[in-house]
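Thank you all for coming. I would like to walk you through one structure this morning, slowly enough that anyone new to it can follow along on the screen.

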Amino acid sequence: RQSLKTYQNNYQIITAKAVQEESAWNNWGKALQLGQETAEMVQNSPHPLSTWREADSKCNEAVKLLNSIPSTTSIYHQAQEKLVGYKNNCANLDKRVAVEEKAINTMMGVEKLDREIQTAAQEMPYTASSLQQIVFKTNQVINLLYQIPSGTIVSEKAETLKAAYQYNQKEISEKIENFEDCQTIPSGVCIDSTFPINLKNH
């Protein structure tokens, strides 16, 4: 009876180890698959923010799977080695998601200011105050555009807007000069203030 009991206990231990080993190898395979999918997703950027978030999610899931592999399994040491690289990849993806989010938020700020500038440019006759507000907001837009990193999903649009706003900045400066010159005329009426600023469309 004692030998049968020992046999049963050993059998249970061996069975449990076999199940644990199989689970570890399954998680190893899933982690590698997720790692491959992540690598393929981020090739040939720029990508939408949703793609970077999905890649980041897959990477973190792969890390969880590798962390779940017990130290008593045959694949443990390989999993630990792979884990180092995957954690670095996840950290880089976390940073990229943050960069893309900031770039998109910056572009949203640019678009809001752009709408305000376009509206103000149509409100005539101009005054010295209204023209100064347009100048101020135009400078804000240009400063924001230079904060958008290259390679992000909105960087190409940012470059187009830079060119347009540098042109617009020149047009607005000329309008202010003409307006100021016009104010020196004693007629009391500045005809130039009734002509719209020729802002470039983008």
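Predicted model: local features only at pLDDT ≥ 70, side-chain atom pairs only at ≥ 80, totals over all residues.

Let me begin with a definition: the expected span of a helix is 1.5 Å times one less than its number of residues. With that in mind, please find helix α2, which has 19 residues and reaches 27 Å from its first C-alpha to its last, close to the 27 Å expected at 1.5 Å a residue.

Now for the overall layout. The secondary structure of this chain consists of five helices and zero strands, and if you read along the sequence, the pattern is simply α-α-α-α-α. The chain has 202 residues, of which 32% count as buried.

I would like to stay with α2 for a while, and to ask which of its residues are buried. The buried residues of α2 are L49, T51, W52, A55, D56, K58, C59, A62, V63, L65 and L66. As a reminder for reading such a list, an α-helix has 3.6 residues a turn, so residues three or four places apart point the same way.

One name in that list, C59, brings me to the next topic. The structure holds one disulfide, and it joins C59 to C90, with a distance of 2.2 Å from S to S. This pair links distant parts of the chain, since C59 sits in helix α2, residues 49-67, while C90 sits in helix α3, residues 76-121, and the two cysteines are 31 residues apart. The angle about the S-S bond is -110°, and the link of C59 and C90 is left-handed.

Are these two cysteines buried or exposed? Buried means under 20% relative accessible area, and C59 counts as buried because its relative accessibility is 4%. C90 is likewise buried, with a relative accessible area of 4%.

The axes of α2 and α3 come within 9 Å and cross at roughly 155°. Angles over 145 degrees count as roughly antiparallel, and so α2 is roughly antiparallel to α3. In passing α3, helix α2 makes a left-handed crossing, and the residues of the contact between them divide into 14 nonpolar, three polar and eight charged.

A91 is partly exposed, its relative accessible area being 35%. From D56, A91 is 35 residues away in sequence, and the C-alpha atoms of the two are 8.7 Å apart in space.

Helix α3 also has a partner in helix α4, residues 128-145, and the two pack at an angle of about 155°, with their axes 9 Å apart. On that angle, α3 and α4 are therefore roughly antiparallel to each other, and their crossing is left-handed. Also in helix α3 you will find T106, which counts as buried because its relative accessibility is 12%. T106 and V154 are 48 residues apart in sequence, yet their C-alpha atoms are 9.5 Å apart in space.

W25 lies in helix α1 and, at 40% relative accessibility, counts as partly exposed. Between W25 and I75 there are 7.0 Å in space, C-alpha to C-alpha, for a separation of 50 residues in sequence.

My last stop is the loop between α1, residues 2-41, and α2, where P46 lies. The peptide bond that leads from S45 to P46 is cis, with omega near 15°. N44 lies in the loop between α1 and α2 as well, and the phi of N44 is near 55°, a positive value in a residue other than glycine. Is N44 buried or exposed? At 71% relative accessibility, N44 counts as exposed.

If you take one picture away, let it be helices α2 and α3, roughly antiparallel and joined through the disulfide from C59 to C90.

Technical notes: Residues numbered from 1 in each chain as written. Heavy atoms only, no water. Disulfide = S-S within 2.5 Å. Helix = DSSP H or I, 4+ residues; strand = E, 2+ residues; numbered from the N terminus. Buried < 20%, exposed > 50% of the residue type's maximum accessible area, 1.4 Å probe, protein only. Axes fitted to C-alpha atoms, helices over the stretch in contact; angles between N-to-C directions. Parallel < 35°, antiparallel > 145°, perpendicular 65-115°, else oblique. Left-handed = near helix turned anticlockwise from the far one by under 90°. Nonpolar A, V, L, I, M, F, W, Y, C, P; charged D, E, K, R; others polar.
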